[in-house]
Amino acid sequence: MDSVRRALREGEISKDMYERLECVECEEQLVTKNEPDEVGTVRACPECGTKWRQLP
Ligand SMILES: [Zn+2]
């Protein structure tokens, strides 16, 4: 799973004017997933299901 930071750099996700993350391909706002096995927070696109790890 790529990190949010890397995905931002590579243009997979972007921030809207309110600093909310969205999937560039689907133009959907990312949702937060609670996955206890993962370090940090997992952000996912509700449309394509791609997940990114957001480190604290
Ligand atoms: Zn998507």
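Colleague: What makes you say that Asp-16 touches Glu-22 and Gln-29?

Modeller: This is a predicted model, and contact here means heavy atoms within 4.5 Å. Asp-16 meets that with Glu-22 and Gln-29, once residues up to four places away in sequence are set aside. As for its place in the chain, Asp-16 sits in the loop between strand 1 (13–15) and strand 2 (21–23).

Colleague: Why is Asp-16 called buried?

Modeller: Buried means under 20% relative accessible area. Asp-16 comes out at 19%, so it counts as buried.

Colleague: And how do you know that the side chain of Asp-16 has a polar atom by the backbone nitrogen of Tyr-18?

Modeller: The distance tells you. A polar contact needs N or O atoms within 3.5 Å, and here the backbone nitrogen of Tyr-18 is 2.8 Å from a polar atom of the Asp-16 side chain.

Colleague: On to the metal. What makes the arrangement around the zinc ion tetrahedral?

Modeller: Look at the donors, then the angles. The SG atoms of Cys-23, Cys-26, Cys-45 and Cys-48 coordinate the zinc ion at 2.3 Å. For four donors to count as tetrahedral, all angles must lie between 85 and 135 degrees. The angles here run from 104 to 117°, so the arrangement is tetrahedral. Along the chain, the donors follow the spacing C-x2-C-x18-C-x2-C.

Colleague: Why do you say that Cys-26 and Cys-45 tie parts together?

Modeller: Because Cys-26 belongs to the loop between strand 2 and strand 3 (28–29), while Cys-45 belongs to the loop between strand 5 and strand 6, the pair links parts that are 19 residues apart in sequence.

Colleague: Why are strand 4 and strand 6 said to stand at the edges?

Modeller: Start with the sheet: three strands in the order 4-5-6, open, with antiparallel pairing. Strand 4 (31–33) and strand 6 (51–54) each have a single partner strand, so one side of each has no neighbour in the sheet. On average, neighbouring strands of this sheet are turned by 35° against each other, direction ignored.

Colleague: How do you know that strand 5 pairs with strand 6 and with strand 4?

Modeller: Count bridges; pairing takes at least two. Strand 5 (residues 41–44) is joined to strand 6 by four, and strand 4 is joined to strand 5 by three. Among the facing residues, Arg-43 is opposite Trp-52, Thr-41 is opposite Gln-54, and Lys-33 has Val-42 as its bridge partner. In the hairpin of strand 5 and strand 6, with six residues between the strands, Gly-49 has a positive phi near 80°.

Colleague: Last one: why is Met-1 called partly exposed?

Modeller: The range for that label lies between 20% and 50%. Met-1 has a relative accessible area of 43%, so it is partly exposed. Met-1 lies in the segment before helix 1 (4–9), and its contacts beyond four places in sequence include Glu-38, Val-42 and Trp-52. The C-alpha atoms of Met-1 and Trp-52 are 5.8 Å apart, although 51 residues separate them along the chain.

Key
Residues are numbered from 1 along each chain as its sequence is written. This is a predicted model: local features need pLDDT of at least 70, side-chain atom pairs count only at pLDDT 80 or more; totals for chains, interfaces and linings use all residues. Side-chain values use heavy atoms; hydrogens and water are left out. Helices (H or I, at least four residues) and strands (E, at least two) are DSSP runs, numbered from the N terminus. Buried means under 20% relative accessible area, exposed over 50%, partly exposed in between (1.4 Å probe, protein chains only). A polar contact is a pair of N or O atoms within 3.5 Å; within protein, one must be able to donate a hydrogen and the other to accept it, and residues adjacent in sequence count only if both atoms are side-chain atoms. Axes are lines fitted to C-alpha atoms, for helices over the stretch in contact, and angles run from 0 to 180 degrees between N-to-C directions. Donors are N, O and S atoms within 2.8 Å of the metal (3.2 Å for Na, K and Ca); water is not among the atoms, so sites may look incomplete. Four donors count as tetrahedral if all angles lie between 85 and 135 degrees; four count as square planar and six as octahedral if opposite donors are over 155 degrees apart and all others between 65 and 115; anything else is irregular.
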